[in-house]
Amino acid sequence: MLPVAKVQEVQRLLAETELSYRKIARTAGVSRATVAAIASGKRPDYEARRRERELACQPPGPVVRCPGCGYRVYSPCIACRVRAMREQEREMARAAPPASVPGVTLASASLYASL
Ligand SMILES: [Zn+2]
């Protein structure tokens, strides 16, 4: 992967100079194809991807006291949600015959869909 500084150098040379792709490539130490990709915007923005990954890894919110179980959790409390769904599944099993696929219920399927 090309260092961000190198990409920025190529972008600066493209914006501030009248140099050809070939000369910019030689100056920055990258291939002409890389310069062309950066110029056309076809090169993936790896820095943006890295920021997105970091955001995805961060917890969803502040730690709060769960009114259901009393533990300090990231809201909403997954444990309470799973407990509520299991309880719902037990009630559905009591009311209706078992699901055709063992272990897969409407409630667990909707949990997977929401994740
Ligand atoms: Zn809870």
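A crossing is left-handed if the near helix is turned anticlockwise from the far one by less than a right angle, and right-handed if clockwise. Helices are DSSP runs of H or I, at least four residues, numbered from the N terminus.

I noted first that this is a predicted model: local features need pLDDT of at least 70, side-chain atom pairs count only at pLDDT 80 or more, and totals for chains, interfaces and linings use all residues. Residues are numbered from 1 along each chain as its sequence is written.

**Entry: α1 and α2.** I looked up the handedness, and α1 passes α2 in a right-handed crossing. I found that the axes of α1 (residues 4–16) and α2 come within 10 Å and cross at roughly 145 degrees. Axes are lines fitted to C-alpha atoms, for helices over the stretch in contact, and angles run from 0 to 180 degrees between N-to-C directions. On the α1 side, K6, E9, V10, L13 and L14 meet I24, T27 and A28 of α2. Contact means C-beta atoms, placed from the backbone, within 7 Å.

**Entry: α2 and α3.** I checked α2 (residues 21–28) against α3 (residues 32–40): their axes come within 8 Å and cross at roughly 110 degrees. That makes α2 roughly perpendicular to α3 (65 to 115 degrees).

**Entry: Y21.** I placed Y21 in helix α2. Leaving out residues up to four places away in sequence, Y21 touches R32, V35, A36 and A39.

How values were computed. Helix = DSSP H or I, 4+ residues; strand = E, 2+ residues; numbered from the N terminus. Parallel < 35°, antiparallel > 145°, perpendicular 65-115°, else oblique. Contact = placed C-beta atoms within 7 Å.
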